[in-house]
Amino acid sequence: MAKKKMTILDFQKFKDEGRKFAFCTAYDYTTATIVDESDVEIILVGDSLGMIMLGYDTTVPVTVDDMIHHIKPVVKGAPNTFIIGDMPFGSYNVSPEQAIETANRLTKETLCDCVKLEGGVNMAPTIRRMVDAGINVMGHIGMTPQTATSFGGFKVQGGTPESARKLIEDAKALERAGVFSMVVECVPSVVAKAMQEEVHVPILGIGAGPYVDCQVLVTQDLLGMYGDFKPKFVKQFANVRKVMVDGLNKFHEETLSGEFPTPEFSFNKAVEIPAVYGPGKN
């Protein structure tokens with residue numbers, strides 16, 4: 001039986017009931033159908049597709065057109081799963097009007113269920129305008145990949161009393177601005193717990209320890225689809241890369257040996273070939 005799709009209201013309902021939930025990423029139709037068949041409630045079509053699907057070193061080059069191109073098939077492939085569309089770098093930081101225009105386009109052209117953008121206190125006024133315009137907004141604070149270079153790369157945030165206090169203020173500002181939930185990335189567990197106690201909207205943690213409402217991981221990370229790359233906070237729940245490489249090698253082996261294809265995998269209907277096409281004919 002297909003799972004029941006979450007709604008915006010379910011996020012707060014799950015938190016209030018103490019019910020944990022999970023979300024992962026998808027960037028294409030096939031992966032979306034697999035997640036849709038699973039018990040995972042939420043898919044993020046993240047701008048991480050820049051690195052995972054397009055081969056960039058960062059998320060910064062990803063465009064709105066890139067996001068729309070990838071969100072559309074995910075929405076189509078996962079009708080029973082809540083879909084988040086990421087707003088890429090440069091698509092919302094010029095003005096609230098730009099942010100509203102980008103969010104409207106993502107939502108209208110892909111039919112995703114909400115948009116997500118990075119930033120805390122600095123982005124709160126923009127988020128307030130977006131929410132007032134009727135847009136469902138998920139926040140994202142902590143380690144924010146789009147601006148990671150400004151704080152020295154992909155590093156844990158909130159490791160000092162001052163930075164921890166700033167993260168808590170960011171969370172409170174996002175809540176006041178009207179986000180229905182927020183991603184908190186790469187922060188010490190104790191800081192995430194303090195944030196959890198200071199705000200009422202759900203906190204969705206990626207590398208934020210156990211004291212959050214929802215756990216978030218990139219699908220390629222949690223399924224072991226990368227080689228040696230594995231962030232500290234990632235648990236590999238499967239080793240799909242090895243299975244795929246083994247399957248490809250088996251295909252190659254049987255092709256070279258002639259073992260594949262057997263009659264079972266061939267079209268075996270008897271067809272009379274005209275003599276003009278027989279051996280030795282031109």
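I worked from a predicted model, in which local features need pLDDT of at least 70, side-chain atom pairs count only at pLDDT 80 or more, and totals for chains, interfaces and linings use all residues. Residues are numbered from 1 along each chain as its sequence is written, and side-chain values use heavy atoms, without hydrogens and water.

**Helix pair α4 and α5**

I looked up helix α4 (residues 64-77) and helix α5 (residues 96-110), which pack at about 35° with axes 9 Å apart. Helices are DSSP runs (H or I, at least four residues) numbered from the N terminus; axes are lines fitted to C-alpha atoms over the stretch in contact, with angles from 0 to 180 degrees between N-to-C directions.

**Helix pair α7 and α8**

I found that the axes of α7 (residues 161-177) and α8 (residues 189-198) come within 10 Å and cross at roughly 35°.

**Salt bridges**

I noted 14 salt bridges in the structure, each a side-chain nitrogen of Lys or Arg within 4 Å of a carboxyl oxygen of Asp or Glu. Arginine 105 and aspartate 65 meet at 2.6 Å, N to O; this pair joins α5 to α4 across 40 residues.

I also checked lysine 250 and glutamate 254, paired at 3.8 Å, N to O. Lysine 250 is partly exposed at 40% relative accessible area, whereas glutamate 254 is buried at 17%. Buried means under 20%, exposed over 50% and partly exposed in between (1.4 Å probe, protein chains only).

Technical notes
Helices (H or I, at least four residues) and strands (E, at least two) are DSSP runs, numbered from the N terminus.
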